Amino acid sequence: MSEVVNDIRQAMANHELKAYYQPQYDSITSRLKSAEALARWVRPDGVIVPPMAFIPELERTGNIAEVDWYICEEVCKLLKKQKSDGGKQVPISVNFSRFHVREPDFAEKLTALVDSYELEHRLICVEVTESAMVNEADLILNWISSIRAEGFAVAIDDFGSGLSSLSFAKDVPADILKIDKSLLSGNCENEKERIVLECIFAFANRLGISTVAEGVETREQLEFLRTCDCKKIQGYIFAKPMPEEDYLELCRTHTKIEQTADILQAQAPASAVNLLLGVIFKKYPLIIFSNLTRNSFYMMAYENFTSTSCPSTGVFDELIMHGASTMHPDDQQSFAETFARENLLKAHADDKPEVRLTTRQIGDDGVYRRVETVDYFVKSESSDDVLVITLCENR
Ligand code: C2E
Ligand code: MG
Ligand code: MG
């Protein structure tokens, strides 16, 4: 047996193999959100052996699985301790080598381990490197789904370090994408690098995948990542991986690591738009985009709107018929006429900026309420079609 494998087996038996914890912070509020467990061999002579000195050899010889399970159990013990001490439990990521993808019943095994410590599954995140994905997409996707089906989170580690496949990233049902530190140069001043990073974060955000930037060391990197809408930060700028006791102490005492960034300066344009949309939806719970020329519509949302029976996209004429049918009998005709497509097109041809009407509409609860519907004609730079944005407000 290789010397390294022997050493690590001994280290596990003597409890010299330890999990160190590196905190992950919310990029905007700087609050502690989660952590990653990283293996260290703390030798009796005080030397701390980093994982790169033994993990590759353990992987090469097919002996990594036992280390991963050992670290995972250390994490369970720590979370259990946090619970019994009455502290707040913070989710922790555990690295699992790609070999586990072929481990039968991985999800069951993880469940059994975590359940034996009576922990909530959401507290454990399985981290697997992006390089594990190459050539085995189907296998990996099923493996990830089986883990998530048990309520654990899954993070794709080292994204962007190897041959990142966008088609894989598109399909992967992961919760978190960890952006590799190799994508971040010293101060993120390179224009191309910035564009690539912005796109990765935008892409992950649009797909509803959370993001962690790894290896963040400088103020400039942090500021830039904030503008990219990166969700969490893991790096020396906030904290290095630390022994269990230090980490527990940090969790006990931590409030915030620094002055919170001014959200308006730190956020990317996309988040500013989201803030704006939040306010608009407060006033107008239903917003509809229609193309009168093409007889189509797209409904943005009907949060808080009293009637939710309409499909979210389809034929404009049918939308108006449906809308009319939800109105008070005395209002149905005026609604159908006011918003009939030919009448709207005529109003547009007459240079009217908007068409508005207040009616009584029945809600899902069977109660009639006054609704003001306003159709604003809008111009698009890319089309001559007659477009309308409808804002509906409960009155
Ligand atoms: P990883 O999972 O990508 O972990 C992140 C690595 O980046 C860690 O190195 C961490 O210490 C380092 N890091 C974090 N912030 C910074 C920073 O600001 N600057 C720099 N330069 N580095 C930073 P570490 O602990 O040496 O671990 C290296 C790799 O070893 C890990 O990369 C992971 O792939 C592997 N590893 C660690 N523990 C385990 C384990 O229990 N099982 C398995 N299978 N792999 C493990
Ligand atoms: Mg990792
Ligand atoms: Mg990584």
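## Polar contacts of the ligand

A polar side-chain atom of Asp-158 lies 3.0 Å from an oxygen atom of ligand 1, in a model that is predicted. Once ligand 1 is set in place, the protein covers 87% of the 790 Å² of accessible area that this ligand has on its own.

Two further contacts involve other parts of the chain. The side chain of Asn-95 places an N or O atom 3.0 Å from an oxygen atom of ligand 1, whereas Ala-39 contributes through its backbone, an N or O atom of which lies 3.0 Å from a nitrogen atom of the ligand.

## The shell around ligand 1

Ligand 1 is surrounded by 24 residues, and the closest of them are Arg-40, Asp-68, Asp-157, Glu-217 and Tyr-236. Sorted by class, this shell holds ten nonpolar, five polar and nine charged residues.

Which element gives the most to the shell around ligand 1? The answer is strand S2, with four residues.

## The pocket that holds the ligand

The space that ligand 1 takes is the largest pocket. The elements that supply two or more residues to the shell around the ligand are strand S2 (32–42), helix H3 (64–84) and strand S6 (153–159).

The volume of this largest pocket is about 880 Å³, and its lining is made up of 35 residues, of which Glu-36, Leu-38, Met-52, Asn-95 and Asp-157 lie nearest the centre. For the lining, the elements that give two or more residues are S2, helix H2 (55–60), H3, strand S5 (124–129) and S6.

## Composition of the lining

By class, the lining of the largest pocket consists of 15 nonpolar, eight polar and twelve charged residues. Strand S2 gives the most to this lining, with five residues, and S2 also gives the most to the shell around ligand 1.

Definitions and conventions
Residues are numbered from 1 along each chain as its sequence is written. Chains are lettered from A and ligands numbered from 1 in the order in which they are written. This is a predicted model: local features need pLDDT of at least 70, side-chain atom pairs count only at pLDDT 80 or more; totals for chains, interfaces and linings use all residues. Side-chain values use heavy atoms; hydrogens and water are left out. A residue is near a molecule or strand if one of its heavy atoms lies within 4 Å of it. A polar contact is a pair of N or O atoms within 3.5 Å; within protein, one must be able to donate a hydrogen and the other to accept it, and residues adjacent in sequence count only if both atoms are side-chain atoms. Accessible areas come from the Shrake-Rupley method with a 1.4 Å probe; for residues, only the protein chains shown count as cover. On a 1 Å grid over the protein atoms alone, a cavity is a set of points where a 1.4 Å probe fits but cannot get out, and a pocket is an open set with protein on both sides within 12 Å along at least five of seven lines; lining residues have an atom within 4 Å of a point. A molecule sits in a cavity or pocket if more than half of its atoms lie within 2 Å of its grid points. Ala, Val, Leu, Ile, Met, Phe, Trp, Tyr, Cys and Pro count as nonpolar, Asp, Glu, Lys and Arg as charged, and the others, Gly among them, as polar. Grid points are joined across faces, edges and corners, and a volume is the space filled by probe spheres set on the points.
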